[in-house]
Amino acid sequence: MIPPLYLESSRLIIRPFKLSDASSLFHLVNSNKDLLEDYFPMTVEKNTSVNAKRIYIMERNHERNNGKALFAGIFLRDEKKLIGQMCAKDINHRVPKCEAGYFLDRNFHRKGLATEALNLFLNFCFSEMKMAKITLRIEPKNTSSKALAQKCGFTMIGVSKNDFRSANGRLMECELWELYEIRKGY
């Protein structure tokens, strides 16, 4: 179903969450809550305690074992510090396709780390998971995520109204971005 994931670059490691990551994940989400509420409402809602994050990790690992989703931490390679999350969700093995999602701690924005992480992950999804298409849903106001999508080769294909509900209940529209093949040079 989903092959084992362990990706490494000169600066990053991407791997599935372990229960021992619960405290780090809780603090990462808590310290970036204002940035994540609109885009990762379930991650924020399930961030009430370290124990709640353990349950979140167990649920995400169960989804991976069943081939439905792949959630992973983005870690600084040398420090082994958790700085973000990457996921492939709504996996459809028949097509095969998935939706990717990602976030980084605000202290690590604008350093090229998101581009590095997303390219590593996309190549894994295409080459190891054998995806034919990867989709992103991005709120039109999220200019940073749109710039990252463009850098990584995605094309915006349209806008979907009332497509996503934020943590505060607001219905949002999303731009739909797609990528169909492995990009050369990554």
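# A walk from strand E4 through the fold

Let's start at Ile83, which is found in strand E4 (residues 82-92). Helices (H or I, at least four residues) and strands (E, at least two) are DSSP runs, numbered from the N terminus. This is a predicted model, where local features need pLDDT of at least 70, side-chain atom pairs count only at pLDDT 80 or more, and totals for chains, interfaces and linings use all residues. Residues are numbered from 1 along each chain as its sequence is written, and side-chain values use heavy atoms, with hydrogens and water left out.

Is Ile83 buried or exposed? Ile83 has a relative accessible area of 0%, so Ile83 is buried; the word means under 20% relative accessible area, while exposed means over 50% and partly exposed lies in between (1.4 Å probe, protein chains only). Leaving aside residues up to four places away in sequence, Ile83 touches Leu12, Leu28, Ile74, Phe75, Leu76, Phe103, Leu104, Asp105, Phe108 and Leu113. Contact here means heavy atoms within 4.5 Å.

One of those neighbours, Phe103, takes us to the aromatic rings. How many aromatic pairs does a search of the whole structure find? There are two. Rings of Phe, Tyr and Trp (its six-membered ring) pair if their centres lie within 6.5 Å; planes under 30 degrees apart count as stacked, over 60 as edge-to-face and the rest as tilted. Phe40 and Phe103 make an edge-to-face pair, 5.0 Å centre to centre with 70 degrees between the planes. This pair links distant parts of the chain, 63 residues apart: Phe40 sits in the loop between helix H2 (33-36) and helix H3 (41-45), and Phe103 in strand E5 (residues 97-104). Both Phe40 and Phe103 are buried.

In the other pair, the ring centres of Tyr56 and Phe71 are 6.4 Å apart and the planes stand at 80 degrees, so this pair is edge-to-face. Here too, distant parts of the chain are linked: Tyr56 is in helix H4 (residues 50-65) and Phe71 in strand E3 (residues 70-76), 15 residues apart. Tyr56 is buried because its relative accessible area is 2%, and Phe71 is buried with 11%. Each ring also has a charge over its face. Lys53 lies over the face of Tyr56, at 3.9 Å from the ring centre, and Arg60 over the face of Phe71, at 5.4 Å. For this, NZ of Lys or CZ of Arg must be within 6 Å of the ring centre and within 35 degrees of the ring normal.

Now look at how helix H4 meets another helix. The axes of helix H1 (residues 22-31) and H4 come within 8 Å and cross at roughly 105 degrees. Such axes are lines fitted to C-alpha atoms, for helices over the stretch in contact, and angles run from 0 to 180 degrees between N-to-C directions. Ala22, Ser23, Leu25, Phe26 and Val29 of H1 meet Val50, Lys53, Arg54, Tyr56 and Ile57 of H4.

Finally, a look at the backbone. Most residues other than glycine have a negative phi, and most peptide bonds are trans. Asp90, in strand E4, has a positive phi near 50 degrees. A cis peptide bond joins Val95 and Pro96, with omega about -15 degrees, and Pro96 lies in the loop between E4 and E5.
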